[in-house]
Amino acid sequence: MMKIKKLIKNFPEVTVKGSKEQEITGICSNSKILAPGNLFVAKKGLKTDGSRYIPDAIAAGAVALLTDIYDPTYKQLTQLICPDVGLMEACLSEAFYEY
């Protein structure tokens, strides 16, 4: 587990809406295998937009969201906002999993 403030400390380009004290248990971009406490990565793919799966991720127990646009609809989640979600997913995963 890691608090969001520790996860993003080396990434000033990430804007946080919500609590930086929120702890996450992992990082996942697939709402079907997301575990409770995970940070859900909502990135645009070639065929679909990950933001379509935010409600599924919430139902699965997501506590935070990495996305490119803040959505006030999801005030229950801490939202990490960054223009390049794919790149930031790799950076945050490296920091979280200590690779």
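Predicted model: local features only at pLDDT ≥ 70, side-chain atom pairs only at ≥ 80, totals over all residues.
User: What is the phi of glutamate 98?
Analyst: Most residues other than glycine have a negative phi. Glutamate 98 is not a glycine, yet its phi is positive, at about 55°.

User: How many helices and strands does the chain hold, and what pattern do they follow?
Analyst: The chain contains three helices and seven strands. Taken in sequence order, these elements give the pattern β-α-β-β-β-β-α-β-β-α.

User: What share of the residues counts as buried, and what share of the contacts joins residues at least 24 apart?
Analyst: Of the 99 residues in the chain, 41% count as buried. Among contacts between residues at least 6 apart in sequence, the share that joins residues at least 24 apart is 47%.

User: Which element gives the largest share of the largest nonpolar core?
Analyst: The largest nonpolar core has 20 residues, and Val14, Ile24, Leu39, Leu66, Leu80 and Leu92 have the most contacts inside it. Two or more residues of this core come from each of H1, S5, strand S6 (64–67) and H3. The largest share, four residues, is supplied by H3.

User: Which residues does leucine 66 touch, leaving aside those up to four places away in sequence?
Analyst: Leucine 66 is one of the residues with the most contacts inside the largest core. With residues up to four places away in sequence left out, leucine 66 touches Leu39, Phe40, Val41, Ala42, Leu80, Cys82, Val85, Met88, Glu89 and Leu92.

User: Which residues are included in the second, separate core?
Analyst: This second core is separate and has ten residues. Among them are Cys28, Ile54, Ala57 and Tyr74.

User: Where is glutamate 89 placed, and is it buried or exposed?
Analyst: Glutamate 89 belongs to helix H3 (residues 85–97). Beyond residues up to four places away in sequence, glutamate 89 touches Ser29, Val41, Lys43 and Leu66. Its relative accessibility is 13%, so glutamate 89 counts as buried.

User: How far apart in sequence are the parts tied together by the salt bridge of glutamate 89 with lysine 43?
Analyst: The closest N and O atoms of glutamate 89 and lysine 43 are 2.5 Å apart, and the two form a salt bridge. Because glutamate 89 lies in helix H3 and lysine 43 in the loop between strand S5 (38–41) and helix H2 (54–60), the pair ties together parts separated in sequence by 46 residues.

User: Which parts does the salt bridge of glutamate 21 with lysine 5 tie together?
Analyst: Glutamate 21 and lysine 5 form a salt bridge in which the closest N and O atoms are 2.8 Å apart. Glutamate 21 lies in the loop between strand S2 (15–17) and strand S3 (23–24) and lysine 5 in helix H1 (residues 4–7), so the parts tied together are this loop and helix H1.

User: How many disulfides does the structure hold, and which cysteine sulfur is nearest to that of cysteine 28?
Analyst: A disulfide requires cysteine sulfur atoms within 2.5 Å, and the structure holds zero disulfides. For cysteine 28, the nearest cysteine sulfur is 18 Å away and belongs to cysteine 91.

User: Which cysteine sulfur is nearest to that of cysteine 91?
Analyst: Cysteine 91 is likewise in no disulfide. Its nearest cysteine sulfur, 8.2 Å away, is that of cysteine 82.

Terms used. Residues numbered from 1 in each chain as written. Heavy atoms only, no water. Buried < 20%, exposed > 50% of the residue type's maximum accessible area, 1.4 Å probe, protein only. Contact = heavy atoms within 4.5 Å. Salt bridge = Lys/Arg side-chain N within 4 Å of Asp/Glu carboxyl O. Core = buried A, V, L, I, M, F, W, Y, C linked by side-chain atoms within 4.5 Å.
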